[in-house]
Amino acid sequence: MTEVTPERPVEGRTLERWLALWVFVLVLALQPFTEDPAGPIKELIGAWLLVPMFVLLARRGRDGRARTAWANPGMLLLGAFLGVCFFSACVSAFPVRSLYELRHWAGFALAAFLASQIIRTWEAAWRLLTVVVAAVACSSVYGLLQYAGWDPFPWAIRAVEEYRALPATYANPNLAGHALTLALVLAAGGIIRSWKHPRRVVLLLVFTGLMGTHLYLTHMRAARIALAAALAFVLAYVVLLPLLKRPGRAFAVLLTLALLAGLAGTAWLARGPLVRGEGPLPVDSSMVLRVNGYSGAAIMVREHPWLGVGPGNYRLNNARYWTKFEQAWFATRHKKNDHVHCEPLELAVDTGLPGVALFFALLTWALLAALQMTRRGAPFQRRVLGLTLAAGLVAFTVDGLFGFNLHAPVSGGLFFLIIGVTAGITTHGRRSGGAWRKAGLVLAALGLAVVQTWGFVAEYALQRAFVAGVYAHTYQEAGEEERAGHARESVKASLRFARVLLPWDARPPSRLARLSASENRWEEALADYGPARDRNPNNPALMAAFARALLRSGDTRQAETMARDALALCEPLAEAHAVLGEAALITAERSAGAARRKFFIEARQYLARAARCGPADFGRVEWLLARTCVALGDDRAAGGAYRRAVKAAPAAETPWREYAEWARGGKEGTYRDALHAELDRARRASPPDRKAIHVLAGLMRDEVVRHGYDPCLACAALFRAFEAAPGSPELWGAYAEALPAAERLAGLRYALDTWRGRLPGNVPILRTLAEILGDDPAVRREACLRLAPSGGDDPARAKNRAWIADVAVLSLREDPLEAGPQAAALAAAGRALVAGGRMDEGAGALAEAVPGLRGRAKGDALLAWSTALAAQGEMAAALARAREAVAAGGNRVDVRRHFARMLVRTGRAAEARLEYVALLRRVGKDDPRRAALEAEYAALTEAKRP
């Protein structure tokens with residue numbers, strides 16, 4: 001039976017266990033259902049764990065055994081700091097968003113208050129700090145398993161540097177470094193405290209080794225500086241305390257030295273060379289970026305000294321203060337800092353000078369309170385605890401000078417926990433709170449849990465939209481349009497749900513707008529870009545995308561205004577220059593005379609600048625630049641721009657077509673050289689660029705068929721491409737059509753023999769081709785009959801059937817079947833040729849087939865033959881074949897409708913009206929064809945009226 005004493009009631013022991021569980025959740029919780037796999041789940045579970053702890057705390061003190069200390073200097077300072085943050089959020093430009101951001105610190109502050117009530121002895125403090133070390137060590141074990149290549153968690157960032165630097169359960173190596181820094185200091189204190197207990201020392205040494213190795217592999221430089229500063233602080237304090245007798249005096253000396261060092265460092269940074277990326281030190285771009293961020297943050301503090309811009313609002317405002325280096329960083333990488341990477345500066349930006357002053361007052365109180373435990377005469381373990389807590393606070397402060405550890409989930413939570421532990425141990429006066437105060441705390445914890453649940457559900461919706469978007473892209477690439485459409489609808493539904501939950505967040509509307517823009521639904525995109533910009537008004541990339549949508553919707557003037565606003569924030573932003581260049585190009589094409597040339601010159605300047613800045617759609621920018629150069633008569637520049645355009649986007653067909661048109665008349669060689677080079681590059685890519693191969697193969701075929709290019713050179717290039725895409729019907733079609741007719745069958749048989757071992761067995765068109773070129777007459781006949789078009793064929797399928805049908809006709813002419821099967825096979829191939837747009841070849845095959853056909857088969861062949869003749873302009877012959885189709889095919893609606901149309905096209909309106917009247921009598925009211933027939937008849941009747 002558990003012993004209960006007035007100093008240590010059952011509730012106190014239970015609360016300690018709950019607090020330990022909270023620590024483990026804070027450090028180790030991880031799940032894949034949100035965009036950030038670490039933060040939301042830690043905050044969600046942690047917030048709900050606070051509720052039962054406050055219920056248990058409310059029970060304490062009712063019997064007089066353990067009274068709750070409701071007020072102490074640490075908690076009062078913490079409350080004042082949060083009060084300033086709350087006021088700053090309320091008066092900021094984005095109050096709701098800023099208040100929502102405060103939920104993190106509100107949860108940590110509640111946990112700190114709990115720690116101040118639960119941890120009242122140094123023994124309890126050491127137990128809790130050991131739990132912290134153990135939890136962080138467990139996370140480091142997972143990090144080292146990541147390093148060894150074993151990680152069952154479905155990370156979305158395995159291929160980037162952030163993952164290779166071992167994010168463990170923190171989702172980012174920087175955040176891991178912040179937590180490891182604190183834990184290593186606590187572990188060192190635990191080792192010193194346990195020096196009489198070898199087993200405990202060995203266990204802590206193992207934990208320290210795991211965490212130290214993990215920290216080393218993260219390559220976090222600030223953590224090493226922070227640990228060195230903590231060690232220097234401890235050594236200096238141990239030396240100064242015997243000399244100055246009192247902890248406060250020793251702390252004052254050390255604080256003065258630290259302030260002088262900080263002022264010297266700030267003065268060195270303010271000289272300027274490092275802000276420009278210069279200077280004597282070999283610094284990397286990330287360090288230069290941070291120093292530049294400090295510069296902008298300092299200006300923000302100068303402009304908002306008393307209230308700041310609101311907690312969490314730095315990321316919404318910092319673009320207006322970017323240096324040239326930060327602008328170039330964003331323009332080239334499309335990344336920006338959401339934090340200052342210096343906690344004192346970020347606190348000053350977010351909450352103003354009062355907020356940062358209160359934070360340092362809280363920090364100073366905690367340091368002094370911890371150092372008071374080191375007075376002479378205090379028990380050894382208490383003195384070690386005080387020095388450990390003080391060293392941890394020093395390491396946290398120094399680490400925060402180069403990062404955002406107060407804003408990180410784990411390190412921020414551990415810092416508040418240390419504040420609570422320090423407050424609990426050093427509190428002397430005890431006063432029990434009333435029932436209303438206890439109930440208020442329980443309700444506050446419950447309210448925080450509800451808010452965290454709200455946020456988690458919203459983040460889950462955003463992640464669900466992202467996953468559905470991945471599926472949509474996969475289905476799109478595989479040609480499964482229906483499934484891709486369903487996936488896109490799922491994306492939209494999730495984003496709309498998230499938009500309702502987070503009406504202050506720009507992510508849902510901006511992602512909806514991007515999705516609509518990708519589908520060329522520009523009006524819908526504009527409807528979402530507006531709210532997105534209202535919620536995030538200083539995002540140059542968002543403004544450039546908004547400008548592009550405005551341009552596509554036809555609002556050139558507003559697009560130019562929006563693009564210039566983007567350039568005012570980030571001058572080298574390529575996408576904004578591209579919008580201005582395209583807008584000038586559109587204006588030039590609508591103008592005449594001198595104004596036309598002026599706008600072309602302006603377009604060329606903007607597009608050339610966009611190309612130099614490296615846009616995401618570099619190929620499109622170069623293509624538009626080529627068009628401006630053509631309009632200005634600069635053929636040399638145009639050729640270079642076209643070449644760069646097709647190299648950047650080899651699968652984009654329109655630039656290739658324009659390039660080919662420009663090259664006609666003496667420059668065909670450069671275009672054809674580009675075709676060969678890009679086809680070779682596409683097949684050698686890893687993995688091969690099959691989409692580009694399809695497009696380039698079609699262009700190569702066009703050069704042979706339409707423009708008399710040497711088929712030997714083209715076919716050799718296409719034959720090599722089979723190595724990369726042996727199962728591509730488009731490539732086989734281009735190869736077949738590029739071969740001379742006399743060599744087509746032999747060339748295809750040779751290609752099939754060469755690549756037979758690599759042909760996939762699930763491509764029906766290639767199986768049909770092999771059967772058509774085979775020796776079995778029955779198999780050939782069945783293969784040819786399968787070519788007959790059905791009503792549901794899409795254009796791409798009809799085009800692929802057309803080239804196979806041409807091969808079938810050649811095969812049937814080379815090695816005919818018996819009379820009846822020959823006619824049926826020729827008719828099926830001819831109809832496939834007509835459906836694929838190859839009217840001349842189709843008419844020839846059908847002319848051969850019709851004499852051997854009877855009944856409906858003859859009617860279908862005559863109908864297709866008539867269609868081909870009409871497309872060739874031979875209307876009299878087309879009408880004659882249509883009459884024969886009616887005679888052969890009976891009174892079928894499709895046949896008689898075609899006949900009526902031929903009558904209309906040959907000027908026989910009276911006969912056509914009689915045909916339509918007869919058709920309308922035959923077609924029922926529910927027949928889906930009736931509406932079209934009525935419309936055609938009405939148009940014919942209207943044409944008769946004067």
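Mentor: Begin with the element names: helices (H or I, at least four residues) and strands (E, at least two) are DSSP runs, numbered from the N terminus. The model here is predicted, so local features need pLDDT of at least 70 and side-chain atom pairs count only at pLDDT 80 or more, whereas totals for chains, interfaces and linings use all residues. Residues are numbered from 1 along each chain as its sequence is written, and side-chain values use heavy atoms, with hydrogens and water left out.

Trainee: What volume does the second largest pocket have, and which element gives the most to its lining?

Mentor: On a 1 Å grid over the protein atoms alone, a pocket is an open set of points with protein on both sides within 12 Å along at least five of seven lines, a cavity is a set where a 1.4 Å probe fits but cannot get out, and lining residues have an atom within 4 Å of a point. Points are joined across faces, edges and corners, and a volume is the space filled by probe spheres set on them. Here, the second largest pocket has a volume of about 1,200 Å³. It is lined by 31 residues, of which K691, H694, E730, A796 and N800 are the closest to its centre. Two or more lining residues come from each of α18, α28 (653-663), α30, α32 (729-738), α34 (764-772) and α36 (795-814). The most come from α30, with seven residues.

Trainee: How do the residues of that lining divide by class?

Mentor: Ala, Val, Leu, Ile, Met, Phe, Trp, Tyr, Cys and Pro count as nonpolar, Asp, Glu, Lys and Arg as charged, and the others, Gly among them, as polar. The lining of the second largest pocket has 13 charged, twelve nonpolar and six polar residues.

Trainee: How many cavities of 30 Å³ or more does a search of the whole structure find, and which residues are the closest to the centre of the largest?

Mentor: The search finds nine, and the largest cavity holds about 110 Å³ of space. W22, E43, G46, A47 and F108 are the closest to its centre, out of 14 lining residues. α1 (10-28), α2 (39-59), α5 (103-118) and α18 (435-477) each supply at least two residues of this lining; the largest share, five residues, is that of α2. The lining comprises seven nonpolar, four polar and three charged residues.

Trainee: At what angle do the axes of α29 and α30 cross?

Mentor: Axes are lines fitted to C-alpha atoms, for helices over the stretch in contact, and angles run from 0 to 180 degrees between N-to-C directions. Under 35 degrees counts as roughly parallel, over 145 as roughly antiparallel, 65 to 115 as roughly perpendicular and the rest as oblique. The axes of α29 (residues 668-684) and α30 (residues 690-707) cross at roughly 150 degrees and come within 9 Å. α29 is therefore roughly antiparallel to α30.

Trainee: Is the crossing of α29 and α30 left-handed or right-handed, and which residues make the contact?

Mentor: A crossing is left-handed if the near helix is turned anticlockwise from the far one by less than a right angle, and right-handed if clockwise; contact means heavy atoms within 4.5 Å. This crossing is left-handed. Y671, R672, L675, H676, E678, L679, A682 and R683 of α29 make the contact with A692, I693, L696, L699, M700, E703 and H707 of α30. Nine of these residues are nonpolar, two polar and four charged.

Trainee: Which peptide bond is cis, and where does P687 lie?

Mentor: The cis bond joins S686 and P687, with omega about -5 degrees. P687 belongs to the loop between α29 and α30.

Trainee: How do α25 and α26 pack, and at what angle do α26 and α28 pack?

Mentor: α25 (residues 593-613) and α26 (residues 618-631) have axes 9 Å apart and an angle of about 150 degrees, and are therefore roughly antiparallel. Their crossing is left-handed. For α26 and α28, the angle is about 25 degrees and the axes are 10 Å apart; these two helices are therefore roughly parallel. Their crossing is left-handed. In this contact, W623, R627 and V630 of α26 meet T654, P655, E658 and W662 of α28.
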